Amino acid sequence: MTVITVANQKGGVGKTTTAVNLAHGAAIRGMSVLVVDLDTQGNVADALGMDDGSELYSWLINGASTDKVAVTATGRERLSVIRSNKTTAQLKVAASGMDFREMIISNALQGYEFDLVILDCPPSVDILHTAALVAADLLIIPTKLDQFAIKGVIEMLRSLDSVQRATRSRCKLAGIIPTFYDKVTNESQAQLENLAATYGSFVWPPVAQDTHCRVANRVGKTLWELEGHPRALVGYAECLDKLLKII
Amino acid sequence: MKDANGFLNGNLDPAVQAALGSGNQRRNERAMPKKARANLKKSQAKQEARNGSRAVYDLDPELIKAIKKIADELCTPASQVAGIALHLFLQAYERGDVDPSIYKVPLDRNPRYEYKLVWETD
């Protein structure tokens with residue numbers, strides 16, 4: 001089982017879109033995949049066209065087993081989800097009083113065998129964010145090609161470093177996915193060059209800015225399920241290839 | 001190639017390299033004066049024609065639509081469908097299974113051609 005955290009401390013960079021599309025892509029290729037939504041916004045359920053709800057509290061605080069809480073009725077074969085919503089805010093309060101709270105996700109995942117677990121992190125730095133980094137084997141950082149989002153990448157790598165030093169986390173950077181890539185603007189290009197010069201082979205294929213992503217969120221489908229040929233899917237398919245080579 | 005931690009290392013990802021390469025080319029073109037950019041486009045078009053991989057034919061819009069429809073069904077570019085269709089036609093032509101000359105209609109006052117080929121739908 002490989003646990004992957006998708007995180008960036010900047011919001012709106014495509015974390016949920018990345019998590020959901022990589023997860024569904026891996027499920028289509030035959031892997032059993034669990035997506036865990038750690039964000040109070042609960043957008044994973046929206047992105048998959050599922051009803052609002054949250055299993056996170058009973059999973060992490062009440063100790064319910066993964067196979068009982070994971071929703072398998074996602075309408076996609078081999079893809080299960082643990083949803084989140086506003087009640088996750090209460091979870092954070094409850095978790096703050098627990099011993100070894102950084103371990104809550106890794107403990108909850110013990111003994112369950114999915115091929116791939118993808119943790120979709122909130123943009124804020126909180127207990128779930130840290131717990132996700134502790135539980136993960138690999139970190140994927142989606143980033144928009146703008147200054148603020150790239151600053152988020154730097155902050156994220158600092159967080160990873162801190163977590164690695166403070167805990168026994170095995171989490172390592174897998175890759176940085178440039179999202180909302182707009183090939184005709186100089187700024188996108190300049191930021192991609194900067195990213196490539198700084199992080200080299202850790203920079204994964206860019207995902208094109210594509211209205212299909214917004215359409216997919218509206219209709220509750222992944223890019224793999226949309227009609228037509230979403231440009232963004234080209235990038236996600238290449239990133240998935242890259243991910244499957246690593247794990 | 002993977003390093004000790006199992007990570008792929010070495011050069012930039014080819015997709016990133018391609019994005020950077022084409023971006024630089026576009027940026028250089030944008031920085032050119034308008035006239036130079038027009039000249040470059042012209043010479044690029046000539047180069048493509050010289051490569052022999054591109055041709056422009058006047059076709060019936062219905063034919064273009066039909067090829068596009070097949071291309072969508074096959075999830076492939078229309079050029080690929082047109083290419084296969086032409087291969088099939090050329091093979092049939094070489095075997096003598098088709099005779100385009102039956103579609104010939106004389107042209108009046110055309111300095112270059114004597115006939116056009118007219119496809120009768122009925």
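Predicted model: local features only at pLDDT ≥ 70, side-chain atom pairs only at ≥ 80, totals over all residues.
Which way do the side chains go? A:Leu116, A:Ile118 and A:Asp120 point one way from strand 4 of chain A. A:Val117 and A:Leu119 point the other way. Both sets are buried, and that includes the aspartate, A:Asp120.

Now the neighbours of this strand. Strand 1 of chain A, residues 2-6, runs parallel to strand 4, and five bridges join them. Strand 2 of chain A, residues 33-37, also pairs with strand 4 in the parallel sense, over five bridges.

Next, the interface between the two chains. On the chain A side, 26 residues are in contact with 20 residues of chain B. The buried area between chain A and chain B is about 1,800 Å². Carbon and sulfur atoms give 59% of that area.

What about charge pairing? Across this interface the rule finds one salt bridge. The partners are A:Lys242 and B:Asp13, with their closest N and O atoms 2.8 Å apart. For polar contacts, the count between chain A and chain B is three residue pairs, with both residues at pLDDT 80 or more.

Which elements of chain A supply the contact side? Those giving two or more residues are strand 6 (172-179), helix 9 (186-199) and helix 11 (231-246). Helix 9 of chain A gives the most, with six residues. By class, the side of chain A that touches chain B has 14 nonpolar, six polar and six charged residues.

One last stop, over on chain B. Find B:Lys65 in helix 3 of chain B, residues 61-74. Is B:Lys65 buried or exposed? Its relative accessibility is 54%, and the cut-off for exposed is over 50%, so B:Lys65 counts as exposed. From B:Lys65, go to B:Ala78. The two are 13 residues apart in sequence. In space they are 9.5 Å apart, C-alpha to C-alpha.

The interface with chain B has one salt bridge by the rule, and helix 9 gives the most residues on the chain A side.

Definitions and conventions:
Residues numbered from 1 in each chain as written. Chains lettered and ligands numbered in written order. Heavy atoms only, no water. Contact = heavy atoms within 4.5 Å. Buried area = accessible area lost by both parts, 1.4 Å probe. Salt bridge = Lys/Arg side-chain N within 4 Å of Asp/Glu carboxyl O. Polar contact = N/O pair within 3.5 Å; in protein donor to acceptor, adjacent residues only side chain to side chain. Helix = DSSP H or I, 4+ residues; strand = E, 2+ residues; numbered from the N terminus. Nonpolar A, V, L, I, M, F, W, Y, C, P; charged D, E, K, R; others polar. Buried < 20%, exposed > 50% of the residue type's maximum accessible area, 1.4 Å probe, protein only. Pairing = 2+ DSSP bridges.
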